[in-house]
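Have your viewer open and your selection tool ready. We will go from stop to stop, selecting a few residues each time.

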Amino acid sequence: MEDLYIKRNILCIDLKSFFASVECVERKLNPYTTPLVVCDPTRNGAITLAVTPYLKNFGIKGRTRVYELPKNLKIIKVPPRMRLYQKKSKEVIKVYLEYVAPEDLHIYSIDECFLDVTNYLKLYKKTDYELAAEILKKIEEKTGLTATAGIGPNLLLAKVSMDIEAKHTKDNIAYWKYEDIEQKLWPIKPLSKMWGIGSHLEKKLNDMNINCVGDIAKYDKNILKEKFGVMGEELWLHANGIDTSKINDLNTTFVKEQSYSHSQVLFKDYYDYNINIIIFEMLDVMCRRLRKNNKLCGLIGFGISYSKNIGGGFYHSNKLIIQTDESAFLYRECMRIFDKYYNKAPIRKVSISFGKLTDNKNRQLNLFEDPLTSEANIHINKAIDEIKDRFGANKIVPAISLLEDSTLLERNNKIGGHNA
């Protein structure tokens, strides 16, 4: 058991209220004194993508409806600019790479990264705490953004210390050791505050009279494994502060398992009679990406998340009988999964992934299609892609995207539709 408690020097760094802070920096405003939200200002029912720390002090969450924002504050509402956020994220990553090699950096999301600084402390003649403080200072100097950091002996404790404690400290840094598990990790409740536990799993655990992380740690590991499978054992390990994964492993897995994925959070409830529009549009965009990179897909993953007050959803994948970049074929596969698992609940998120990608060199013949029709589709798709590349993604769209429940035209405009 003791050899599971690996001892590395891991930093987990997160950019505070990233989208909203970037917008403030661009406008030479202070995010700690400015009431700004990133959202679609033309839609009252839209969900905000981010709010400034100033607004969070009023109890306003990062993801809230525009109409729920307080009316007594003169709130600045700005539309999202994803290309700007990606540019800023790259600037921050450059700062990390001044301190560690690429193999010791794992990009977890656009605003969050893990750094393994174990082998750099002697080089810089600093403790991990001192190095974290220097990196946070350098980020602010170079980008104007404020970051928080969690430090731990493994990825899990670094991440959870950052999530739970770092934002409440004066220097935005939290440091958790194995000796802190009982005092800091075990009291965490509700369980959904713990990294890796969503509201659906939280409810199942609550039904077992498990209400805080310490309850998981003290529960019979074999019963958890029997009920939840491999995830049950992982829950027990994480509740005891154990995580043997390494940044190198994460980066190697990412390289080997190349895949494309796309998810869309919906601004209203969708059901079986209109969700097909969203699925079709997402596949159309993803298949264009396949063709642009000369790839074929051999595995389709499809998932639905229900409205927050319902909770849950499903995600399943199917191996395809052929390698393809045809959206019509992949749409049928998604709808097979949907028809099998959908339970009539309101839908708020759709996720699609393409796996087992191969180069489009020798396209496999589909015995269930007329080869001439298939060849014609290839030329049609190529022509459509060229028109979109030259004149913009909205210059030619499927007829289904002109319906009221479509989101494609609006999303293309938001991300700079010319090359979307």
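A word on burial before we start: a residue is called buried under 20% relative accessible area, exposed over 50% and partly exposed in between, using a 1.4 Å probe and protein chains only. What you have open is a predicted model, in which local features need pLDDT of at least 70 and side-chain atom pairs count only at pLDDT 80 or more, while totals for chains, interfaces and linings use all residues. Residues are numbered from 1 along each chain as its sequence is written, and side-chain values use heavy atoms, with hydrogens and water left out.

**Stop 1: tyrosine 120 and tyrosine 124**

Select these two tyrosines. Tyrosine 120 is buried, at 12% relative accessibility, whereas tyrosine 124 is partly exposed, at 26%. Rings of Phe, Tyr and Trp (its six-membered ring) pair if their centres lie within 6.5 Å; planes under 30 degrees apart count as stacked, over 60 as edge-to-face and the rest as tilted. By this rule there are 18 aromatic pairs.

**Stop 2: tyrosine 5 and tyrosine 178**

How are the rings of tyrosine 5 and tyrosine 178 arranged? Their centres are 4.8 Å apart and their planes meet at 90°, so this pair is edge-to-face. It links distant parts of the chain, 173 residues apart: tyrosine 5 belongs to the segment before β1 (10-15), and tyrosine 178 to the loop between β8 (173-175) and α7 (181-185). Helices (H or I, at least four residues) and strands (E, at least two) are DSSP runs, numbered from the N terminus. Tyrosine 178 is buried, with a relative accessible area of 14%, and tyrosine 5 is partly exposed at 26%. Now look back at tyrosine 120 and tyrosine 124: that pair is stacked, with 6.4 Å from centre to centre and 15° between the planes.

**Stop 3: a cluster and two lysines**

Next, select Phe302, Tyr306, Phe314, Phe338, Tyr341 and Tyr342, which ring pairs link into a cluster. Then pick lysine 177, whose charged end sits over the ring of tyrosine 175, 5.4 Å from its centre. (A charge sits over a ring if NZ of Lys or CZ of Arg is within 6 Å of the ring centre and within 35 degrees of the ring normal.) Lysine 227 places its charged end over the ring of phenylalanine 228, at 5.9 Å from the centre.

**Stop 4: a three-stranded sheet**

Finish at the open sheet with the order β3-β2-β4 and mixed pairing; two strands pair if DSSP finds at least two bridges between them. β3 (50-51) and β4 (76-78) are the edge strands, each with a single partner, so one side of each has no neighbour in the sheet. Strand β2 (residues 36-38) runs antiparallel to β3, joined by two bridges. Valine 37 stands opposite valine 51 in β3.
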